Amino acid sequence: MATTTVPEVTKKTPPVTLTASAVAKVKEIMAQQTPVPAGLRIGVVGGGCSGFSYSMQFDNGAGMMDKTFDMDGLKVFVDATSVMYLNGCIVDYVETLEGAGFKFENPNVKSTCGCGSSFSV
(Lines give C-alpha, C1' and ligand atoms only; values in the text may rest on other atoms or scores of the structure.)
Protein backbone atom coordinates (compact mmCIF):
# COMPACT_ATOMS: atom_id res chain seq x y z
CA MET A 1 0.00 0.00 0.00
CA ALA A 2 1.49 3.31 -1.07
CA THR A 3 1.45 6.26 1.23
CA THR A 4 1.01 9.77 0.01
CA THR A 5 2.39 12.83 1.61
CA VAL A 6 0.33 15.93 1.68
CA PRO A 7 2.39 19.06 1.11
CA GLU A 8 2.41 21.35 4.08
CA VAL A 9 0.47 24.51 3.43
CA THR A 10 2.04 27.57 4.96
CA LYS A 11 -0.20 30.54 5.40
CA LYS A 12 1.30 33.85 4.34
CA THR A 13 1.72 36.09 7.34
CA PRO A 14 0.69 39.60 6.34
CA PRO A 15 3.28 42.32 6.93
CA VAL A 16 0.50 44.61 8.10
CA THR A 17 -2.48 43.80 10.31
CA LEU A 18 -5.80 45.62 10.34
CA THR A 19 -7.77 45.59 13.58
CA ALA A 20 -11.41 44.49 13.54
CA SER A 21 -12.57 48.13 13.73
CA ALA A 22 -10.31 49.09 10.79
CA VAL A 23 -11.61 46.21 8.66
CA ALA A 24 -15.22 47.10 9.53
CA LYS A 25 -14.72 50.77 8.60
CA VAL A 26 -12.98 49.93 5.31
CA LYS A 27 -15.80 47.52 4.39
CA GLU A 28 -18.37 50.18 5.29
CA ILE A 29 -16.70 52.77 3.05
CA MET A 30 -16.16 50.24 0.23
CA ALA A 31 -19.85 49.34 0.22
CA GLN A 32 -20.67 52.97 -0.60
CA GLN A 33 -18.42 53.01 -3.70
CA THR A 34 -19.77 52.46 -7.21
CA PRO A 35 -18.53 50.11 -8.50
CA VAL A 36 -17.43 48.32 -5.34
CA PRO A 37 -13.62 47.99 -5.40
CA ALA A 38 -11.91 44.60 -5.16
CA GLY A 39 -9.90 45.56 -2.11
CA LEU A 40 -7.72 47.97 -0.19
CA ARG A 41 -4.17 48.91 -1.19
CA ILE A 42 -1.83 49.85 1.65
CA GLY A 43 1.64 51.11 0.96
CA VAL A 44 4.50 53.42 1.77
CA VAL A 45 5.38 56.28 -0.56
CA GLY A 46 8.29 58.68 -0.54
CA GLY A 47 7.52 62.18 0.65
CA GLY A 48 6.56 64.18 3.66
CA CYS A 49 8.79 65.94 6.17
CA SER A 50 10.52 62.76 7.36
CA GLY A 51 10.92 60.85 4.11
CA PHE A 52 8.00 58.40 3.92
CA SER A 53 4.24 58.50 4.33
CA TYR A 54 1.51 55.87 4.36
CA SER A 55 -0.87 55.35 1.48
CA MET A 56 -4.34 53.78 1.62
CA GLN A 57 -6.63 53.59 -1.38
CA PHE A 58 -9.17 51.30 -2.96
CA ASP A 59 -8.05 49.20 -5.90
CA ASN A 60 -9.69 46.93 -8.46
CA GLY A 61 -7.04 44.21 -8.28
CA ALA A 62 -3.52 43.19 -7.44
CA GLY A 63 -0.57 44.26 -9.55
CA MET A 64 2.18 41.95 -10.79
CA MET A 65 4.48 42.64 -7.82
CA ASP A 66 1.76 42.78 -5.14
CA LYS A 67 1.16 40.46 -2.24
CA THR A 68 -2.53 39.85 -1.52
CA PHE A 69 -3.81 39.10 1.97
CA ASP A 70 -7.30 38.24 3.19
CA MET A 71 -8.29 39.98 6.40
CA ASP A 72 -11.71 38.85 7.53
CA GLY A 73 -13.03 38.86 3.97
CA LEU A 74 -11.26 42.08 2.98
CA LYS A 75 -8.59 41.77 0.30
CA VAL A 76 -5.52 43.85 1.14
CA PHE A 77 -2.91 44.52 -1.56
CA VAL A 78 0.66 45.45 -0.58
CA ASP A 79 3.37 46.16 -3.16
CA ALA A 80 6.70 44.33 -2.79
CA THR A 81 8.62 47.48 -1.82
CA SER A 82 6.18 48.49 0.92
CA VAL A 83 6.26 45.03 2.54
CA MET A 84 9.64 45.68 4.19
CA TYR A 85 8.53 49.05 5.62
CA LEU A 86 5.20 47.72 6.91
CA ASN A 87 6.47 44.52 8.54
CA GLY A 88 4.75 44.26 11.94
CA CYS A 89 2.59 47.36 11.37
CA ILE A 90 -0.90 47.50 12.89
CA VAL A 91 -3.60 49.72 11.37
CA ASP A 92 -6.48 50.70 13.63
CA TYR A 93 -9.54 52.90 13.15
CA VAL A 94 -10.04 55.26 16.08
CA GLU A 95 -12.78 57.71 16.94
CA THR A 96 -12.08 60.40 19.53
CA LEU A 97 -13.56 63.76 20.45
CA GLU A 98 -10.86 65.36 18.30
CA GLY A 99 -11.70 63.34 15.20
CA ALA A 100 -11.67 59.93 13.59
CA GLY A 101 -9.24 58.18 11.29
CA PHE A 102 -6.85 55.35 10.61
CA LYS A 103 -3.86 55.09 12.92
CA PHE A 104 -0.65 53.28 11.93
CA GLU A 105 1.47 51.69 14.67
CA ASN A 106 4.72 50.71 12.98
CA PRO A 107 7.58 49.17 15.00
CA ASN A 108 10.05 49.99 12.19
CA VAL A 109 9.66 53.76 12.54
CA LYS A 110 12.69 55.50 14.00
CA SER A 111 11.25 59.03 13.97
CA THR A 112 8.18 60.95 12.85
CA CYS A 113 7.63 64.54 11.85
CA GLY A 114 5.90 67.06 14.11
CA CYS A 115 2.55 66.71 12.36
CA GLY A 116 2.73 62.90 12.53
CA SER A 117 1.90 62.30 8.88
CA SER A 118 5.33 61.09 7.77
CA PHE A 119 8.12 58.95 9.20
CA SER A 120 11.66 57.68 8.70
CA VAL A 121 13.14 54.19 9.21
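Helices here are DSSP runs of H or I with at least four residues, strands are DSSP runs of E with at least two, and both are numbered from the N terminus. With that settled, hello everyone, and let's look at this protein. It has two helices and nine strands. Along the sequence they follow the pattern β-α-β-β-β-β-α-β-β-β-β.

A quick word on where this comes from. This is a predicted model, in which local features need pLDDT of at least 70, side-chain atom pairs count only at pLDDT 80 or more, and totals for chains, interfaces and linings use all residues. Residues are numbered from 1 along each chain as its sequence is written, and side-chain values use heavy atoms, with hydrogens and water left out.

Now, the sheet I'd like to show you. Which strands form it, and in what order? Three strands make an open sheet in the order β1-β6-β7, with mixed pairing. Its edge strands are β1 and β7, each of which pairs on one side only. Two strands count as paired if DSSP finds at least two bridges between them.

Let's take the pairs in turn. Strand β1, residues 16–18, runs parallel to strand β6, residues 89–96, over three bridges. In that pair, V16 stands opposite C89 of β6. On to β7, residues 99–105: β6 pairs with β7 in the antiparallel sense over seven bridges. These two strands form a hairpin with two residues between them. If you'd like landmarks, V91 is opposite F104 in β7, and V94 is opposite G101 in β7.

What lies across this sheet's strands? Helix α1, residues 20–31, lies across β1, β6 and β7, at about 75 degrees to β6. For that angle, axes are lines fitted to C-alpha atoms, for helices over the stretch in contact, and angles run from 0 to 180 degrees between N-to-C directions. Contact means heavy atoms within 4.5 Å.

Let me turn to one residue, S53, which sits in strand β3, residues 52–59. Is S53 buried or exposed? S53 is buried because its relative accessible area is 16%, and buried means under 20%, exposed over 50%, and partly exposed in between, with a 1.4 Å probe and protein chains only. The C-alpha atoms of S53 and G43 are 8.5 Å apart, and these residues are ten apart along the chain.

Finally, the whole protein. Of its 121 residues, 31% are buried. Among contacts between residues at least 6 apart in sequence, 51% join residues at least 24 apart.
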